[in-house]
Every structure is written in C-alpha cells, then in structure tokens.
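Hello,

Here is the structure I promised to pass on to you.

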Amino acid sequence: MNSKSTKNDPKLFAGVDVGAATAKAVIIGDNGILGYAVRSTGHDVKIAADAVMQEALEKSGLDVDVSDLAYIVSTGYARRTLQFAHKPITEIICHAKGANFLFPDCHFIIDMGGQDSKAIEVDDEGNVVNFVMNDKCAAGTGRFLEVMAHVLDVEDIADMGPLALSSRHPCSISSTCTVFAETEVVVLRGAGKDRADLIAGVHRAVSSRVAVMAKALTIRPEAVFTGGVAKNAAVKKFLEEAIGMELHVPEEPQIVGALGAALLAREEATRLPAVETIESELPHR
Amino acid sequence: MAYYDELFKLCGFEEKEIEEERPRIEKTLARLGIVPDDMPSAQSWVKQNHDLSLVGVRKLLGAWLKELIDLVLAKDEGKKVVYFGFPAILGPGLMLSASSDDVLVSAPDMVLDHTMGQIFNKLTPILEAGEANGLPPGHALCSLWQAKIGGIIKGMVPMPDLALASSYFCDMGSKADDLVTALYGVPVAYIDGVMDSRWGEYPRYLPQRVSYLGAQINQALKKSEEVLGIEVAPDAWEKSQIDSRGYINNLLKLLDLMRADPVPISVVELELLEALSGSSTGRGIREGIKAMNILISELEERVKAGKGVTEKGAPRVMMASGHTSDPRVTSLVEDAGLAVPLTMVLAQVGGPKHPPKKTYSTPGETIADHELASGPVHGTDAMIKMFQSGAKVMKLDGFIANYLFNCRPASLTSHTQKEYLERTTGLPVLALETDNFDSRTYSAESLRTKVETFAYMLKKRKEASRN
C-alpha cells in the first residue's frame, strides 16, 4: 500500500526497535504494513533510530515525516532514549504483539537477537502471559554465532546456517559460555575437526541453550521464531528438534518487534481520548 | 558547622545530637576514609534514593549511621565485638548484647552496605578488598561476606573477638566465618541450625527440632561466655524482648497501613527498617524503633489523605527482598508502575504461625522455640504459605520472587516458589535473578526489560479483570 498520504495523518503509526545489533522501523496504517527498514545500530542509537525511521517512511512511499505520525512506540535497548517516540514498551511485549499479528494462532515465541534471547507465552490476543529471558550471558544469542563465525573464518554470518546444514557429524560443543565455547572450538579446530561439523556443533549448542530456557514455559502451537537469528535455517532446525515442535518463521523475522511496537502504537492512540491527555503522558516527547 | 553536618541532618540527626557526638562522628569518618569531597555525591545519592519528606525515613537512615559509629569505634571504646551473619538466629546475639554493656553484637556487612552503600555510595572498594582477601567473586558466597572481610581488611570495622555462625536460611555463612578463623584466628561459635522442616509441617514444629537447635544455641552461648569473659544474664532474654516487642508491634501496624491503595511508602524504605532488625542488637535497632514510631504516624496521615508512592489502582506485588546497598534496583519495580505492599518480613509477621510454646527452661531452647514459631527457618514450604496468606491480605496481583544467583537457598527456592504459587494462587510470578547486595553484578538497567514486561502484563490482566 503506497498511496500518497496527507500531513498529520491520524491513521499512521510507527514502531521503532533499536536493538544491540540492528535498528528496525515499521510504518503501519489501518490496513497493515506500509513500509519498513532495517539497518545496523552502529555507535549512536539516536542516529540509527532517526535513519531507520526515515528509511521506513521513504519505503512506505508516504510524503510525510516523523512528526506527522499519529503515535510512535519505541522498543529495544534504546527505547527510553528516543525523543520522537510517544511511549517506550519492552521488546518482549512488542514481539508478542507482532508475532500474533502475523500468525493469529501463535501461542509461543522464541526470539533470538544480537545480545539476548527470550521465550514468550501469549494468549489468543497476543498478550504476554509468561516469559523468560537470558541472564547476563551471551551463550544463547546471535553474538555467540558471530564470535564463532570469526573463529571459524566465515566472512558472512549468513553463510553459517547453510554450512551447518551441510554437516554429517556435528561436533559436541559446550553451550554454557561463549568464551569457553570459543576455546573449545579453537582446540577442536586444532585437532583437525571438519569445519562444517564444528559449525553444526556451534549451532546445536546455541539452540540447546535456548531450548532449555524455553522449556521452563509451556510450549503450545503455533510456535513462532523471531529476531535476526531466525533467518538461520540451522538454528531453526536444531531448535525444532530440541523443543519437539515446528517453528514458524516470518518472512522478515527481524522486524517483528518493530511491527508489534507499531501495532501497540495504534492501540495506544485509539484508547487515549484526547490530544491533551496524550501530551501529558509523554515523558519522551 | 562541619562538612558532614548537612548530610547527617538529611539523615535525621538533630543539631544537638551532632554536637554531642561530633568527636565520635569525626573519628568514624576518618577511619572510613570519608572526606569533604564525598559530601556532594553522598547528599545527592541519599536525596535521589530516599523519600526525605518523611522524617521517619530520615531517622531510619540516622539509626543506621548510629549503628555504624558504635561499630567502628567499639574497640576504641573498650568493647568486645561479636559479629553474626545476616540473616541469623538473632536470639544469642540479643542475649549477649543484653548481658553486658561492654559487648557490641552486630552484622558489620549489613551496616556497611546500608551506610557505605546507601548513604556514602562508596561500597565498591570494600567489596574489592574482600575479593582480594580470600573471597573471590563467583564462589557461591554473596557479597555480604566480601563486605565483612573487606571492612576488616581496610580497618574500617574492628576485628571481632568472636563470630557467631548459624546455618539459618543462609547455610554458607559458617564457611565464610571459617575464613575469619583461618586468616585471623577469630574464634567461631557455631550454631548448627535446623533449617528445613518437612513440607507441610509449618506452622507446626516438632519438639525434637527445638531440643536440637536449643542445645546448639546453649553450646554457642557457653562458648561466647568463655571467649568474652562475661556471663549471660538470667533475665537477658526478657530484656532483649522488650525491644523486639516494640519492633514487632510496629511491623503489625505497618502491615495494616500497607493494605491501603495507593501504598503509602516505597519498598526502598521498608527495606531500611526491616534490615535493621536483623543487623543490630544495640543502638541501631533502638533508634530504628523510635524512627518507626514517627514513620507510622506520618504514614497514617498519608493513608488518611489518600496519598501514596504509586498510582491508585496500580498492580500490587510482593517483592521477596530489597537491595541493601543500591536502592535503584529496588526502585525499578515502583518506577515500572507496580505497588509493593508486601515484603518477606511483613509476610512473615502477618503469616500463619503457632505461638511459641514458652515451656522450655534453657536459654537455647527458649530462643529455638521463638525462632521456629516465627517462620522462615522452616524453609520453602513455610515461605510459600506466608506468601499465599499475604496475597489474600494485601490483594496482590503478582509476586516478584527475586533471588541472588550466588545464594544457594534463595536461588533454589525461587523457582519452586514460582511453580507452586502460580499453580495455587493463579497469580503471575516473576522469578528475577538479581544480586541484592551488589549492583556491580546486576544493575537496575540490566533488569529493566524483565520488570517492565511483568508490570505491563499485570496492568493488562488488571484491566481485563475490571472489564
């Protein structure tokens, strides 16, 4: 939907998700997604947020700028620092809402981002009813895979999944600590283990770590896999084996949090009665 | 006017008190390495973290400072010093304290956390000194022990004449006290506790548990008499209970006030007064009771006026324990829009219990009878029953079962609590890994996403139940 919009359109909403590795933005109207963008967070979260919002607006084909949007929800690590957002909401809530929108029968979500991972139980409306999140440890996150890609000389992180899937005998790698696992991989590499088998072992380790966390909750179908790591087919495969359930991956899994934020922006805007009320509730505006 | 007067006034000291105590204050600050340059940040830290509009809160901070002064100067003033670990079976310490004016019995780790942490914001160097002297991080002992050893090493608090080690809730304390013996030759009086009752036993307790624990306490008291060269006074228990009764009565009043919506006081301030009772057997707790008297009057006024620290109608949660040195971690829960009317101590006070039998003749059995009647010493089942009871009384919407990753009893039980409480009460439970004594490991920011998500969940549930 790329029709020209007027300024101050009360029907345009946005979600922006500034995470550890990437910034994402989604623009929605009454009939769904109008545009989205993904870019690296870089060193300055505010610059990243401004840029990704601008890019999402351009891709939506709307002749509007950020100030014309009716309501914006921010999420991710930087959610409380974005001046243009009306309300910060945690990424756990946003992922639940976004996944429920894309998969209306979704009751369980695994989200693996650059620096954290979460398992989320949701009700029929996409409201969070229980969740777990990793504690001060990168072993179940995208960072684990990045570190291993560097050790195993895989230039493009996107190649990791296909290489892992080509393995016939995955190595056994520790899943308890990124740094210790790195040492283990270095030792195994020195012992002449096959590169693909090592990469597969790394994938199984990270999946196992997240599956243990997820099993603390009740895993009910449909289960959805979101976040940047969900693009990795090998992690999906090992996770499915570990939790014993098919995982549905959205077409663009990285934007699910931003999409949920945009949907929550629409909900927030419609439940607030007057502009005066909105302004009085906006610590970030 | 000295450089520290303003801070001490913020902490409830009257001008006259400062004047009377000035030489002791100055000696204490010098020993702690507190200098004029520390004052701006300390004042700002106290203002940032505490509700200083309440005189009772200021006086509570003052009570901690008075305990600190007495502790730091104890040896200079000719006193014998006894340390106990937190949380402890308090009875033996209370009896020793009540038996002689020349004995100071205290929990130096908690005193340092609440003063060097909550008031001066200079705890980290003390913890680092503990880490460099036998208690490296990540070795299953919480940072309270690092604070104790660090404080001794840095000469801030005196070397004790005796350590009272009891396996009460924390069963790692005796291991840390072994270190004090090994390094410095400090004698330890061990009290082998009877921590875990059978599931379902609470609030009843078996007489053989009283006998065993009582014998252990008697043995520890005997050792204390030998080491300290004092005799436990025949009326020591009765004397010690005068203060305890005042404190418990105030907690009961507070429990009633916390039923109000909005809740009239922050859980940060509750932590200040609750921790004091488990840390001081001397001036700190006596001053703390006076502060509570003032605070309760102030809170009654707030409740009458419908004033509180969170919005009316905010979801109400129980928080198992607060942060001893960095209140920002505890404040985070209220910042996220949750009211905290109940803590573990209040749940214990208001929870189901059988009164002590009061039929025992030895001091040890009397203390054991009292402790076993009061609750937490029973273990997970007792705690869960207290929480369940508290949920009804306080009309809770959820629980935050926060725990220290390096505290064996707390980390193990938090997940049992989550499973069981969710099943039996139908209320959500957030099992939150944190570090209640050391925010170097877990800062408020690192916990924010989990707490805000939980708060959002509870608000949605509450909205849905209203509709």
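Let me start with β9(A), which is covered on both faces: A223(A) and F225(A) on one side, and V224(A) and T226(A) on the other, are all buried. Buried here is defined as 20 or more other C-beta atoms within 10 Å of the residue's own, with C-beta atoms placed from the backbone. Strands are DSSP runs of E of at least two residues, helices are runs of H or I of at least four, and both are numbered from the N terminus. In a regular strand the side chains alternate between the two faces of the sheet.

Before going further, please note that this is a predicted model, in which local features need pLDDT of at least 70, side-chain atom pairs count only at pLDDT 80 or more, and totals for chains, interfaces and linings use all residues. Residues are numbered from 1 along each chain as its sequence is written, while chains are lettered from A and ligands numbered from 1 in the order in which they are written.

The sheet around β9(A)

β9(A) belongs to an open sheet of five strands with mixed pairing, in the order β8-β7-β6-β9-β10 of chain A. Its edge strands are β8 (128-133) and β10 (247-248), each of which pairs on one side only. Two strands pair if DSSP finds at least two bridges between them.

On one side, β9(A) pairs with β6(A) in the parallel sense over four bridges, and I109(A) stands opposite V224(A). V224(A) also stands opposite H248(A) in β10(A); β9(A) and β10(A) run parallel and are joined by two bridges. To get from β9(A) to β10(A), the chain passes through helix α7 (residues 233-243) in a right-handed β-α-β crossover, meaning that, with the strands pointing away from the viewer, the path from the first strand over the helix to the second runs clockwise.

Elsewhere in the sheet, β7 (residues 117-122) and β8 of chain A are antiparallel over five bridges, with K118(A) having M133(A) as its bridge partner.

Contact between the chains

Twelve residues of chain A and ten of chain B make up the contact, where two residues touch if their C-beta atoms, placed from the backbone, lie within 7 Å. On the chain A side, α2 and β8 each give two or more residues.

Best wishes

Technical notes:
A residue is buried if 20 or more other C-beta atoms lie within 10 Å of its own, exposed if 12 or fewer, and partly exposed in between; C-beta atoms are placed from the backbone.
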